[in-house]
Amino acid sequence: MNRFSIFINRRGASPVALIAFIVIVCLLIAFPVYVGSPYARHIMILLFLSIIMGESWNIVGGYAGQYSVGHAAYFGAGAYGTMIVINASQFDADKLSELQELAKDSRLSSLLLSAHDLPPWSGIIVGMIAALILSLIIGSICFRLRGPYFVLASIAVAEIVRLTVLNLPDLTQGAEGILISTLPPFTIGSTVITTFNSKIPFYYTGLMLVLITILVTWLVQNSKAGYFFQAIREDQDAAHSLGISLTFYKNSALALSAVLTSLAGSFYAIYIKFIDPTTVLSLDLSVQIVLISIIGGIGTIFGPVVGAVVLVPLAEVLRSNLIGESLISSGMVNADSAFGNFLTENLSHAHVLIYGILVVVVILFMPDGVLGFFKALLAKKRKEAA
Amino acid sequence: MAILEIKHVSKFFGGLAAVSDVSFQLEQGMIMGLIGPNGAGKTTLFNCITGYYPPSRGEIMFNGRTINGLHPDVVCKRGMVRTWQKVRPLAKMSVVDNVMVGALCRTNSLKKAREMAMEQVKVVRLEHRADFPAGGLPIGERKKLEVARVLATQPRLLLLDEVMGGLNPSESEEIIQLILDIRKLGITQMVIEHDMKAIMRISDRVVVLCSGEKLAEGAPQEIVNNPEVITAYLGSE
């Protein structure tokens, strides 16, 4: 029909797509059984993390059209909530008595003391609640603004969160960050589910979270709220005149997105076991979250998945200079030649630059994202065949 | 009974009075024409009535209750809804999805909303376009889509802002028929229009605005023969 046709006919999944989805999920479940390489597993976990972040952002950015570039705040809320509680649960007697001393005149220290009494894994829920409250505060401030002004406000508020965390060392250990050497075992009742002694538990946790976020997105897309989100994205004045409360639906979209993003933050924290404000609360991270959706295709269920599948390996290949090294090792380029020297010495340091250029190229030539581009291509082919 | 009462409404932007001291009433089931030269304050009045901005002075009563300061979404839920002079299709959504957004104002079930939407799509005769993206429609069909979408919110009062603007004569004729059909459903309408022939044909009563003030009000025949209105439109000798 035309380039818009990719957005419609999305009522219900086609049987082929559904079978393909199930097959891929089965393959992913079997993946660690057949691939033992920790590096491959690590890349898959990073991929899952990106998908979770992208899908979460997609709800408020892709469906409701509110381009929040401050999602690091919610990611950080999840990461810090989880780490603070786990860390507090591992305090020894010395630290506890020291804290009791401090708690007399510091509220934050007494807060840490009460965190000590919580079950370690409840930190994830603490993070979710923190993200929810944060999103309602940020929403009530930023949704007074529209378009580019909203984007700027979302960046500013996320920076305020970062600076706050940086300047509350009693609770967050400030710029030093929080490091946990051993994770507590995850138990349900008295049954130990996992002790996290390999990458496999992280792999399946990630996969599970990916499936949850995809399910949530699917549910949103097929609900009244999903229609209202999209109406707000397309034209908020028209939406407003049709009986849609802008404040309520924008804030709902942001809150849902924030809670899911905090899960991504918790997952990151327990996987890396170290967080500090520059890694989990930075503007860089906010931009990265937005890119996953935009590159893949916003406002679609599988856009962020495609975006993550494109971006994560791309970043990894460029960072490890895989192309340059394979050119040299295959003998196509002499390592001592000027070009070989350029590849090993210069290009490997320019991976961020190349990454940036590629992202710009994708955005310029595929305005509907990679997924949108290929869907349009497919539709064109079909039209020609018919 | 008056469904809408405008009492001494004024709207100022800085020192400029876009609407000043306008009063009139709409009776249940009638079609009210709102005319006036460009910049007369017609659309500003619409914006005040539907809650896009509160009037600076005066009171607006809908169904006997004051609606000053209510947001457009609340006004819509109470049964008053407007279309836009510059059409606002939800471009990436299909025609039926656009209309569903309106219907979802009254129901929580997507299935029910789709049925209600298809009904309205048929009323405006766009059923052959139901799955077509709204952004790809020609202007005539976009105007019809606007009407279908507001009808789906099950209004008691419809405010139509230049639904015939930019249409060719045969398309205008279709819209006129549509407005007359809507009246048969018992829905009260207020219509802003520049096409004098059309407005005189469909209106039961006409209000003329000029420079923000109400210049005249009456049956169409009285308005065409009113010397003040003629002066406002054509200038004096």
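In chain B, Ile31(B) stands opposite Gln189(B), a residue of strand β8(B). This is a predicted model, in which local features need pLDDT of at least 70 and side-chain atom pairs count only at pLDDT 80 or more, while totals for chains, interfaces and linings use all residues. Residues are numbered from 1 along each chain as its sequence is written, and chains are lettered from A and ligands numbered from 1 in the order in which they are written.

**Strand β3 of chain B**

- β3(B) covers residues 31-35, and strands here are DSSP E runs of at least two residues, whereas helices are H or I runs of at least four, numbered from the N terminus.
- Four bridges join β3(B) in parallel to strand β8 (residues 188-192) of chain B, where pairing requires that DSSP finds at least two bridges between two strands.
- β3(B) also pairs in the parallel sense, over four bridges, with strand β9 (residues 205-210) of chain B, and there Gly33(B) stands opposite Val206(B).
- Five of the five residues of β3(B) are buried, a residue being buried if 20 or more other C-beta atoms, placed from the backbone, lie within 10 Å of its own, exposed if 12 or fewer do, and partly exposed in between.
- Ile31(B), Gly33(B) and Ile35(B) point one way from the strand, while Met32(B) and Leu34(B) point the other way.
- In a regular strand the side chains alternate between the two faces of the sheet.

**Two helices of chain A**

- The axes of α3 (residues 72-89) and α6 (residues 123-142) of chain A come within 7 Å and cross at roughly 145°, with axes taken as lines fitted to C-alpha atoms over the stretch in contact and angles running from 0 to 180 degrees between N-to-C directions.
- The residues of the contact between α3(A) and α6(A) divide into 15 nonpolar, six polar and no charged, where Ala, Val, Leu, Ile, Met, Phe, Trp, Tyr, Cys and Pro count as nonpolar, Asp, Glu, Lys and Arg as charged, and the others, Gly among them, as polar.

**Where chain A touches chain B**

- This contact takes 22 residues from chain A and 28 residues from chain B, two residues being in contact if their C-beta atoms, placed from the backbone, lie within 7 Å.
- On the side of chain A that touches chain B, α10(A) gives the most, with six residues.
- That side of chain A has nine nonpolar, nine polar and four charged residues.
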